[in-house]
Amino acid sequence: MERRNAWKGRPAQELEAIEAMSRDYRAYIDEGKTERECVKVSERLARAKGFDDLAARVREGRALKPGDRVYRCWMNKCFVAFVMGRRPMSEGMNILGAHIDSPRIDIKQNPLYEEDGFAYLDTHYYGGIKKYQWLAMPLALHGVIVKKSGETVSVALGEDEGDPVFCITDLLPHLAADQMGKSAKELIDGDALNLLVGSQPLEGEEKDAVKARVLAVLKEKYGVEEEDFLSAELEAVPAGRARELGLDRSMILAYGHDDRVCAYPSLAALLNTEGTPEYTLCCVLTDKEEIGSVGATGMNSRFFENIVAEVCALSGEPGDLALRRALCASRMLSSDVSAGFDPAFASVFEKKNAAFLGRGVCFNKFTGSRGKSGSNDANAEFIGALRAIMDGAGVAFQTAELGRVDVGGGGTIAYMCAKYGMNVIDSGIPVLSMHAPWEVISKVDLYEGYRCYRAFLDGARPVGD
Ligand code: MN
Ligand code: MN
């Protein structure tokens with residue numbers, strides 16, 4: 001079963017649409033480099049499309065009726081939006097899900113120190129990274145510092161032309177004989193990922209004068225003290241914008257395609273819904289996927305269930321049974337990036353069941369590892385219905401597993417939604433260099449992802465049990 005290259009035979013106006021989607025996507029990920037920033041920009045886009053804050057409606061007890069459009073930000077790190085359908089919530093929703101956290105390097109709670117004339121921030125990396133890839137490259141600092149007063153200071157430093165950047169230094173090859181003999185895993189110790197942030201002493205200070213100067217800058221720029229790091233969430237991410245890749249500009253090189261390349265088209269598909277759909281439509285963008293979906297903003301938390309419960313109640317179906325029915329009867333595309341086949345590393349893939357860049361959105365019936373362990377194995381009945389929807393809308397799609405059997409594996413948020421009994425499948429966009437500071441996707445896959453999500457929102461129906 002060959003899947004064709006999705007670029008082939010595109011009329012000019014579709015090539016135009018592919019470019020437009022890729023521009024909009026790049027703008028979204030340039031502005032949203034962290035989960036918090038993604039929530040901010042998602043909220044702004046939703047409001048521009050007439051979506052209303054669900055939290056306010058809950059407080060005021062204002063009922064939801066078919067055609068209403070609402071969103072809910074959760075702890076500034078998750079975003080959920082709904083377009084209310086004509087049918088009751090208990091008949092289930094068409095749900096799109098993706099995550100907006102990406103692998104990165106987090107700043108520790110007591111991070112700042114001086115050593116031999118340099119000031120550093122100590123870090124603890126977040127998610128599965130190859131640590132050596134993050135050395136000797138420009139990094140930006142994004143996040144928040146929350147003061148004891150409750151005031152939140154937003155930080156985004158290293159993105160603008162005039163901003164300073166930061167880096168973790170590497171050893172010169174001339175002195176690296178020992179280092180180069182180590183395995184890649186041991187090349188740099190996790191605790192040696194120290195972010196270089198200063199080198200000029202503060203006039204009149206004797207001890208730790210470089211650190212003192214960094215603190216003086218922080219005080220002046222952000223009005224914060226050293227103690228304020230205790231309640232800060234600062235993330236070091238690759239500095240710079242998403243770029244077109246290749247002489248033919250067919251790809252995009254960017255930080256954090258995983259998983260904003262699924263989150264953005266999922267969100268756009270929902271926000272671009274017109275009129276009143278038959279079933280309620282939903283998009284959930286979640287946090288903490290890269291560290292196991294734990295915590296109050298991870299998909300393992302009940303935040304999503306709680307928000308759906310509020311929607312059920314405001315649409316006239318209060319109570320636990322209606323909530324259970326709504327979740328159980330739902331259909332979901334749980335989207336996360338797929339490992340794109342890479343000719344440079346062909347041996348870890350099984351070609352017939354690998355995702356290729358340029359062949360459209362990818363469905364993974366199962367993920368998991370070593371005998372499908374930990375996998376959500378989507379039902380054939382659901383996949384049959386999906387094939388009909390995708391073929392009906394002419395969406396380019398492919399199917400894949402993550403690598404050869406027993407080579408490795410991975411999982412995403414599908415199995416957590418499956419616990420409600422809903423039909424859910426892993427889907428998403430193929431990526432090269434996944435979890436590297438700069439990842440690669442194909443513009444045409446992003447576009448087909450968007451078309452897939454639109455077709456799913458319009459066409460998915462209860463599958464039956
Ligand atoms: Mn992911
Ligand atoms: Mn990931």
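A residue counts as buried when its relative accessible area is under 20%. Asp336, at 9% relative accessibility, is therefore buried. This residue is a ligand of the manganese ion (ligand 1). The model is predicted.

**Manganese ion (ligand 1)**

- His99 (NE2), Asp258 (OD), Asp336 (OD) and Asp336 (OD) coordinate the manganese ion (ligand 1), at 2.1 to 2.4 Å.
- Along the chain, the donors of this ion follow the spacing H-x158-D-x77-D.
- Distant parts of the chain are linked here: Asp258 sits in helix H6 (residues 257-271), and Asp336 in the loop between strand S14 (331-335) and strand S15 (338-339). These two residues are 78 residues apart.
- Asp258 has 2% relative accessibility, under the 20% cut-off, so Asp258 counts as buried.

- The manganese ion (ligand 2) is coordinated at 2.0 to 2.5 Å by Asp258 (OD), Glu290 (OE), Glu290 (OE) and His435 (NE2).
- The donor residues of the manganese ion (ligand 2) are spaced D-x31-E-x144-H in sequence.
- Asp258 of helix H6 is joined at this site by Glu290, from the loop between strand S13 (280-286) and H7. Asp258 and Glu290 are 32 residues apart, and the pair links distant parts of the chain.
- Glu290 has a relative accessible area of 13%, and is therefore buried.
- Asp258 bridges the manganese ion (ligand 1) and the manganese ion (ligand 2). The two ions lie 3.1 Å apart.

**Three-stranded sheet**

- Strands S11, S12 and S22 form an open sheet, in the order S11-S12-S22, with antiparallel pairing.
- Strand S11 (243-245) and strand S22 (439-442) are the edge strands, and each pairs on one side only.
- From one strand to the next, the twist averages 35 degrees.
- Strand S12 (residues 251-254) runs antiparallel to S22, joined by four bridges. Leu253 stands opposite Val440 in S22.
- H6 packs on this sheet and touches S12 and S22. The direction of H6 makes about 30 degrees with that of S22. H6 is also the helix that holds the bridging residue Asp258.
- Helix H1 (residues 12-31) lies across S11, S12 and S22. H1 runs at about 5 degrees to S12.

**Six-stranded sheet**

- This open sheet has six strands, in the order S8-S7-S10-S5-S6-S9, and the pairing is antiparallel.
- S8 and strand S9 (194-198) are the edge strands, each pairing on one side only.
- Neighbouring strands are turned by 30 degrees against each other on average, direction ignored.
- Strand S5 (residues 104-115) pairs with strand S6 (residues 118-126) over eight bridges, in the antiparallel sense. Glu114 has Ala119 in S6 as its bridge partner.
- Helix H5 (residues 209-222) packs on the sheet, touching S5, S6, S8 and S9. The direction of H5 makes about 125 degrees with that of S5.
- Helix H2 (residues 35-48) lies across S5, S7, S8 and S10, and runs at about 100 degrees to S8.

**Strand S7 and its neighbours**

- Seven of the eight residues of strand S7 (residues 139-146) are buried, so S7 is largely enclosed by the rest of the structure.
- Seven bridges pair S7 with strand S10 (residues 232-238), in the antiparallel sense. Leu139 stands opposite Pro238 in S10.
- S7 also runs antiparallel to strand S8 (residues 152-157), joined by six bridges. Leu141 has Leu157 as its bridge partner in S8.
- The hairpin of S7 and S8 has five residues between the strands. Gly150 in this hairpin takes a positive phi near 100 degrees.

**Helix pair H7 and H8**

- Helix H7 (residues 303-314) packs against helix H8 (residues 320-328) at an angle of about 115 degrees, with the axes 9 Å apart. This makes H7 roughly perpendicular to H8.
- The crossing of H7 past H8 is right-handed.
- At the contact, Phe304, Glu305, Val308, Ala309 and Cys312 in H7 meet Ala322, Leu323, Ala326 and Leu327 in H8.

How values were computed:
Residues numbered from 1 in each chain as written. Chains lettered and ligands numbered in written order. Predicted model: local features only at pLDDT ≥ 70, side-chain atom pairs only at ≥ 80, totals over all residues. Heavy atoms only, no water. Donors = N, O, S within 2.8 Å, 3.2 Å for Na, K, Ca; no water. Buried < 20%, exposed > 50% of the residue type's maximum accessible area, 1.4 Å probe, protein only. Pairing = 2+ DSSP bridges. Axes fitted to C-alpha atoms, helices over the stretch in contact; angles between N-to-C directions. Contact = heavy atoms within 4.5 Å. Parallel < 35°, antiparallel > 145°, perpendicular 65-115°, else oblique. Left-handed = near helix turned anticlockwise from the far one by under 90°.
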